[in-house]
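Subject: Structure handover

Hello,

Here is the structure I promised to pass on. Please keep it open while you read the notes below.

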Amino acid sequence: MINIKRILCLVICISMFGTLAFGFSSDGKSTETDIKNNIEKTYGINIILPENGDYRYFNDSILMLEKKIKKFPDNIIKEITDYYSSNGITTNIVLDKTENIKDLFSVSVNDENSVNIYIKTLKSSLYTESSFASEEAIVHQIGHFISDYMFKTNKFDKLKVEFDKLNVGYEYGTWGEGYSKVFVNKHSAASFKDEVADLIWYAEAHPSIFRNINKGEAAIIHQKLILLADVFNEVF
């Protein structure tokens, strides 16, 4: 059972670009190809690289993906991909290159036959022919992947009512003074669905920030996270 403690304490606080993952997996023997194959088998995901792309360019990103996907609890990812597979829908993680930081948080585009998690990579440095994926961006994309599934398979009328009560005086679709008291960021104030996705993202990526909102005292955002944790228990 997922509870508020587990959601808040899943990962340590990470920065925008994170720490690059070099070397091998925890057994000290696996190659990046092994890791890619293991991710695909364990989570029911296809990892897609650009056509004619140099696989070695994405080795660091594969290692980082392995590290971050393991942070999500109780095999939630596999539960979601099993659901999609049973409905004839494949789940893909699409790695691609970019030179624009804004692309790291691009919205995934899905169709009738596939659900795609797009993870953009930046070149590691001027001196290496390799790339890395931001830890922040990976958690963001997977968090939105989880949220999309939750909204696809469940009705959150009750949760929406509770959030509306907590948001009194602060309307979705706007931003102004005091909004940081009830929303984790400006994007989460865009809509109820966006807020749920961003709460998952922030809880996974920045538990220390969550704990210290309002200087560690109970806050509205904490109440929202508790309500969302209860929904997790029902959905998964």
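The largest nonpolar core has 50 residues. A nonpolar core here is a set of buried Ala, Val, Leu, Ile, Met, Phe, Trp, Tyr and Cys residues joined through side-chain atoms within 4.5 Å. Buried means under 20% relative accessible area, exposed over 50%, and partly exposed in between, with a 1.4 Å probe and protein chains only. I146 and M150 have the most contacts inside this core. Its largest share, 8 residues, comes from helix α7; helices are DSSP runs of H or I with at least four residues, numbered from the N terminus.

This is a predicted model, in which local features need pLDDT of at least 70 and side-chain atom pairs count only at pLDDT 80 or more, while totals for chains, interfaces and linings use all residues. Residues are numbered from 1 along each chain as its sequence is written, and side-chain values use heavy atoms, with hydrogens and water left out.

Which residues does I146 touch? Leaving aside residues up to four places away in sequence, they are F72, I76, I77, I80, I200, F232 and F236, where contact means heavy atoms within 4.5 Å. Apart from this core lies another, of 5 residues, including Y179 and F183.

Next, the rings. The structure holds 14 aromatic pairs. Rings of Phe, Tyr and Trp (its six-membered ring) pair if their centres lie within 6.5 Å; planes under 30 degrees apart count as stacked, over 60 as edge-to-face and the rest as tilted. Y83 and Y149 form an edge-to-face pair, 5.4 Å centre to centre with 70 degrees between the planes. This pair links distant parts of the chain, since Y83 is in α4 (residues 76-86) and Y149 in α5 (residues 135-153), 66 residues apart. Y83 is partly exposed at 28% relative accessible area, whereas Y149 is buried at 7%. Ring pairs also join Y83 and Y149 with Y84, F145, F232 and F236 into a cluster.

F151 and F156 form another edge-to-face pair, at 5.0 Å and 85 degrees. F151 counts as partly exposed at 22%, and F156 is buried at 9%.

Lastly, H206 lies in the loop between α7 (192-205) and α8 (207-211). Is H206 buried or exposed? H206 is buried, with a relative accessible area of 7%. Its side chain makes a polar contact with the side chain of E136 at 2.9 Å (a pair of N or O atoms within 3.5 Å; within protein, one must be able to donate a hydrogen and the other to accept it, and residues adjacent in sequence count only if both atoms are side-chain atoms).

Regards

Key:
Helices (H or I, at least four residues) and strands (E, at least two) are DSSP runs, numbered from the N terminus.
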